[in-house]
Amino acid sequence: MSVTGPAGFRAAGVAAGIKAGGKRDLALVVNDGPQQAAAGVFTTNKVKAAPVLWSQQVLKERKLRAVVLNSGCANACTGPEGFQDTHATAEKVADVLGAGAIEVAVCSTGLIGERLPMDALLPGVDTAAQALGNDEQAGSDAANAVLTTDTKAKQAFSQHDAGWSIGGFTKGAGMLAPNLATMLGVLTTDAVISGDDLDEALRAATRVTFDRLDVDGGTSTNDTVLVLASGASGVEVSKEDFTELLTTVCADLVRQLQDDAEGATKVIDVVVRGAVSEADAVAIGRTIAEDNLVKTAIFGSDPNWGRIAMALGRVDAEIDVDKLEIATNGVTLYAGGTKARDRSEADLSGREVEIVVDLHLGEHTATILTTDLSHAYVEENSAYSS
């Protein structure tokens, strides 16, 4: 189950002709209420795509009737005309649903710098509206319509014992180094919750899930994660309970993103413990995760702790090399300022790799999720314009 799992939502994913080859490329998610509370988080990249600028504006009201998403064109760096295309897209969705354009968020993903083919997109909205459904297939179609270099759809769903639920889908395989949000993601819930509480819950959940994924250091121009609440369950929830379940669903989606990252042969967890602050732990983990020498060593199944030490040592964070420990897959290779064990004792031959850095300076911890840097990643990103 995905976005159609919670009551009160319909979805569709169709081939509008934005992509070549007849693949699904336009998704629509509709909130039938009785409530339409919503919130969103967006890229902090200063180069923001037109749909991000539009959706940021409409979400000031904390209310959405629908979200329309397209793949195959990012509509980023397209000037005033690109913003007009986004506005026209929202107006088209609003027209077919009998809503206002201010109640429609717009998301796009794909090649930066090109205008949307509106002659395909606008009729595609009509097609999507006619295909709307509330079953599992409808949610799956929507999830598949937003894919770019992804190899599979990424969906999650969780039901609370009290009778309300959260579902969602996301996409992303490259250009993943989020700040506030990442890629495109739509989450739905039938809980009764206010827009302000949704906003706080979403920011808390994405901070420890989507924001902790770092595949290649690239923060997209289009990053957007939205959450919509229908209230259809009739169950009023606390912000704390909602945040807990939302974080669980987001964490599920992020693991799927990590596993399907472009060219990945290894999935790597960088765990930083004993930091004097969470900010230090995140900064150290992110620097290790983004370091090409670390990533290529892991691709070669080489537990080269020297590269890890080099990477963390250049972070503007509190570090004492005499207290520092570095372990890979459960084997401590560096401690007390020198080699602890022969690196050959650490087995990195499998797909899953864990790097643990213990600073022994404080009580804060953070885990950054990343992948290796493979031949396939280089080949894909040199051959595919993104």
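These legends go with close-up views of a predicted model.

**View 1. An open sheet of 5 strands.**
The strand order is S3-S9-S8-S7-S6, and the pairing is mixed. Strands of a sheet pair through backbone hydrogen bonds, either parallel or antiparallel. Strand S3 (37-42) and S6 stand at the edges. Each has a single partner strand, so one side of each is left without a neighbour in the sheet. From one strand to the next, the twist averages 10°.

**View 2. The pairing of S3 with S9.**
S3 and strand S9 (residues 224-229) run antiparallel. They are joined by 6 bridges. Ala 38 stands opposite Leu 228, a residue of S9.

**View 3. Helix H6 on the sheet.**
H6 packs on the sheet. The helix touches S6, S7, strand S8 (184-189) and S9. Its direction makes about 155° with that of S6.

**View 4. An aromatic pair, Trp 164 and Phe 242.**
The count of aromatic pairs comes to 3. In this pair, the ring centres of Trp 164 and Phe 242 are 5.8 Å apart. Their planes stand at 25°, so the pair is stacked; planes under 30 degrees apart count as stacked. The pair links distant parts of the chain, 78 residues apart. Trp 164 is in the loop between strand S6 (154-159) and strand S7 (165-171). Phe 242 is in helix H6 (residues 239-259). Both Trp 164 and Phe 242 are buried.

**View 5. The buried side of helix H9.**
Helix H9 covers residues 305-313. Trp 305, Ile 308, Ala 311 and Leu 312 are its buried residues. They cover an arc of only 120° around the axis, which puts them on the same side of H9. What do the buried residues of H9 pack against? Two partners are helices: H7 (278-290) and H8 (292-299). The others are strands: S11 (325-328), S12 (331-335), S13 (338-339) and S14 (352-358).

**View 6. Asp 291 in the loop between H7 and H8.**
Asp 291 has its place in the loop between H7 and H8. Is Asp 291 buried or exposed? The relative accessible area of Asp 291 is 7%, so this residue is buried; the cut-off for buried is under 20%. Leaving aside neighbours within four places in sequence, Asp 291 is in contact with Met 310, Ala 311 and Arg 314.

Key: Residues numbered from 1 in each chain as written. Predicted model: local features only at pLDDT ≥ 70, side-chain atom pairs only at ≥ 80, totals over all residues. Heavy atoms only, no water. Buried < 20%, exposed > 50% of the residue type's maximum accessible area, 1.4 Å probe, protein only. Helix = DSSP H or I, 4+ residues; strand = E, 2+ residues; numbered from the N terminus. Arc of directions from axis to C-beta. Contact = heavy atoms within 4.5 Å. Phe/Tyr/Trp six-rings, centres within 6.5 Å; stacked < 30°, edge-to-face > 60°. Pairing = 2+ DSSP bridges. Axes fitted to C-alpha atoms, helices over the stretch in contact; angles between N-to-C directions.
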